[in-house]
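Hello,

Here is the structure we talked about. Please open it next to the sequence, then read my notes below.

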Amino acid sequence: MNKKLRIGVLGPHDCSKDEAALGFAVGVEIARRDAILVCGGLGGIMTSAAEGAKSRKGLTVGLLPGDKASDANPFIDVALPTGLGAVRNALIVRACDAVIAIRGGYGTLSEIAFALRLKVPVVGLQTWNVVQNGKVDPGIHVAKTPEEAVEMALRLATRAG
C-alpha cells in the first residue's frame, strides 16, 4: 500500500496578498506531488494553501480550533473540529510527516516549536529563525521558493519516516 505523505502548512490567519500567493503555490505543489495538505482549516495561509491544493484536485485536512466543522474554509475536504483552541496547534504538527512554515506570527512560532520538539521536520519559507544559546537552530530548513519548500519537506518526511 502506497501511503501518502501528510505535509502541514503553517502560517498567519490574516495574510497579505504576497503571503496568500506563497500559500497557494505551496498548496499547488503539495497536491502536484500527491501528498495530503494538513492545516488549521481556517483563513489566511490556511485558505490559500488549501485552495491551491484543491486547484490540483489534492486532498485537504483541517484541524479546527473550535467545535464546528462548518467553520472550515471552503477548500477543506476533511474538517476535524477539536474544541481545543490554540492547543490544537500541537495536533496539527503531530498529524504531519513534515511541516512548511510560511511567514507567520506567534501561532506559527508555537507550531514550529512543537514540530522541533516532536522531531517533525520543519521547512521555513520567509518565516522565523529560532536562536538557542546564541546559535540559529538548524532544525528549520530554509527554502527560497514554494517548490523548493515542498521538495525539502517531502525529502525530509521520507527520511524521517
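Is Trp128 buried, partly exposed or exposed? Its relative accessibility is 26%, so Trp128 counts as partly exposed. Bear in mind that this is a predicted model.

**The aromatic pair**

Trp128 has a partner. Searching the whole structure turns up one aromatic pair. The two residues are Tyr106 and Trp128, and their arrangement is tilted. Their centres are 5.7 Å apart, with 35 degrees between the planes. Tilted is the class between stacked, under 30 degrees, and edge-to-face, over 60. Tyr106 sits in helix α4, while Trp128 belongs to the loop between β6 (122–125) and β7 (131–132). The pair therefore ties together parts that are 22 residues apart in sequence. Tyr106 has a relative accessibility of 66%, so Tyr106 counts as exposed.

**The sheet**

Now look at the strands. Strands of a sheet pair through backbone hydrogen bonds, either parallel or antiparallel. Here, seven strands make an open sheet with parallel pairing. Read across, the order is β4-β3-β2-β1-β5-β6-β9. Which strands stand at the edges? They are β4 (78–81) and β9 (140–143). Each has a single partner strand, so one side of each is left without a neighbour in the sheet. From one strand to the next, the twist averages 25 degrees.

Zoom in on β1 and β5 (residues 98–102). These two run parallel and are joined by four bridges. Ile7 stands opposite Ala98 in β5.

**The pockets**

Next, the empty space. Rolling a probe the size of a water molecule over the atoms shows where such space is left.

The largest pocket has a volume of about 210 Å³. Its lining has 16 residues. Nearest the centre lie Gly11, His13, Met46, Gly107 and Glu111. Three elements each supply at least two lining residues: β1 (6–10), α3 (88–94) and α4 (106–118). The largest share comes from α4, with four residues. By class, the lining has seven nonpolar, seven polar and two charged residues.

The second largest pocket has a volume of about 150 Å³. Its lining includes Ala115, Lys119, Pro121, His141 and Arg159. Two or more of the lining residues come from α4, and likewise from α5 (146–160). Which element gives the largest share of this lining? That is α5, with three residues. This lining divides into seven nonpolar, two polar and two charged residues.

Best wishes

Methods: Residues numbered from 1 in each chain as written. Predicted model: local features only at pLDDT ≥ 70, side-chain atom pairs only at ≥ 80, totals over all residues. Heavy atoms only, no water. 1 Å grid on protein atoms, 1.4 Å probe; cavity = no way out; pocket = protein on both sides within 12 Å on 5 of 7 lines; lining within 4 Å. Points joined across faces, edges and corners; volume = space filled by probe spheres on them. Nonpolar A, V, L, I, M, F, W, Y, C, P; charged D, E, K, R; others polar. Phe/Tyr/Trp six-rings, centres within 6.5 Å; stacked < 30°, edge-to-face > 60°. Buried < 20%, exposed > 50% of the residue type's maximum accessible area, 1.4 Å probe, protein only. Pairing = 2+ DSSP bridges. Axes fitted to C-alpha atoms, helices over the stretch in contact; angles between N-to-C directions.
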